[in-house]
Every structure is written in structure tokens, then in C-alpha cells.
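This report describes selected helices and strands of one protein model. Please keep the sequence and the structure in view while reading.

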Amino acid sequence: WYQRRVHGGTGVLERASTHPKIALLDGTNSNRTRRANIIQHFAQINEKHHTKFKVIWIESICNDEELIEKNIISVKLKNPDYRNVDPHEAIADFRARIEKYRSQYEMVQDDEGSYVKLIDTGSKVVGHRVQGYVPGRILYFLMHLNVQP
């Protein structure tokens, strides 16, 4: 495996062979344009290497303020970014990050292809056009994932 940077710092892992099996993207992919660029990138890989990558967006949406608060306290305060920061300042900083992200984010829409949406840490899971064995297993895994802080 090797890592390649694609479209604004989104990390892509691709199997280093002529027949890649799976790619994992880790990034915010926060708007339609960025997501369209990623779809185009994998279409080019599929054509060049005669592969059949399927893009599935995994979107985590949390509107429950209590869950967000618990997550900030139990997870984010332990993040190395906040190691030597006063906890109150760290919470304020992370809340500011969330608000900036909310102002820029465009939710994944049906016309963007396959997706799984995890709403309020999995209290609701929505799958759209999830087809095939591996995509189905990803959906199954996410439906049974317990990520409560």
C-alpha cells in the first residue's frame, strides 16, 4: 500500500498493483466540487488500470448538542492538538472549528452517487444506492458500530 495526496490534502490509499481492490479516503470532502473531483479521479484510475473502484461517501451528521458536548470532552480534549491548552480554551476552539465547518459544508445529495449517512452517532443510518459485496459490508459494519462517547 502507498499513500498519495489528491485534491486539497485528501489522503488516498491505493493498493500498489495493477489491480487495486479498495481505496480509503480520509478527508472532509466538504462540498460538491471537491466530491466531483474525487469521483473524476477514480473514473480516471478505473479507465487507466481497468479497475472498478466504487465511490461511497460516508457522512457523519451530528445535530445533538449533548452528543457533541460529550464528544468534545471525552475525545477532543485528549487530542494532541490540545495537549498543553487550558480545557476551557480547547473546548471554545473546537466549537469554533465546528461552526466554521458547518458554515462551509454541503451535505451529500442523492445525485452524487452512493452514500451512507450516520446521523447522531448512528441513531439513524441512511444508505443510498449501496450495491455490491464490499459496499454492503461497509454499510452493515457502520449500522452496527457503537460510537457513543
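## Helix α2 and its packing

In this predicted model, the buried residues of helix α2 pack against helix α3, which spans residues 87–104. Helix α2 itself comprises residues 65–74, and its buried residues are Leu67, Ile68 and Ile72. They cover an arc of only 135° around the axis, and therefore lie on the same side of α2.

Helix α1 runs over residues 32–49, a stretch of 18 residues. From its first C-alpha to its last it reaches 26 Å, close to the 26 Å expected at 1.5 Å a residue.

Which residues of α1 are buried? They are Arg35, Ile38, His41, Phe42, Ile45 and Asn46. Because these residues cover an arc of only 135° around the axis, they are placed on the same side of α1. The face turned away from this buried side carries the exposed residues Thr33, Glu47 and Lys48.

The N-terminal end of α1 is capped by asparagine 31. A side-chain oxygen of this asparagine lies 3.1 Å from the backbone nitrogen of threonine 33.

## The three-stranded sheet

An open sheet is formed by three strands in the order β4-β5-β6, with mixed pairing. Strands β4 (residues 56–61) and β6 (residues 124–128) stand at the edges; each has a single partner strand, so one side of each is left without a neighbour in the sheet. On average, neighbouring strands of this sheet are turned by 10° against each other, direction ignored.

In which sense do β4 and β5 pair? Strand β5, residues 114–119, pairs with β4 in the parallel sense, over six bridges. Within this part of the sheet, isoleucine 61 stands opposite isoleucine 119 in β5.

## A helix across the sheet

Helix α4, made up of residues 133–143, lies across β4, β5 and β6. The angle at which α4 runs to β6 is about 170°.

Terms used
Residues are numbered from 1 along each chain as its sequence is written. This is a predicted model: local features need pLDDT of at least 70, side-chain atom pairs count only at pLDDT 80 or more; totals for chains, interfaces and linings use all residues. Side-chain values use heavy atoms; hydrogens and water are left out. Two strands pair if DSSP finds at least two bridges between them. Helices (H or I, at least four residues) and strands (E, at least two) are DSSP runs, numbered from the N terminus. Axes are lines fitted to C-alpha atoms, for helices over the stretch in contact, and angles run from 0 to 180 degrees between N-to-C directions. Contact means heavy atoms within 4.5 Å. Buried means under 20% relative accessible area, exposed over 50%, partly exposed in between (1.4 Å probe, protein chains only). The arc is that of the directions from the helix axis to the C-beta atoms. The expected span of a helix is 1.5 Å times one less than its number of residues. A polar contact is a pair of N or O atoms within 3.5 Å; within protein, one must be able to donate a hydrogen and the other to accept it, and residues adjacent in sequence count only if both atoms are side-chain atoms.
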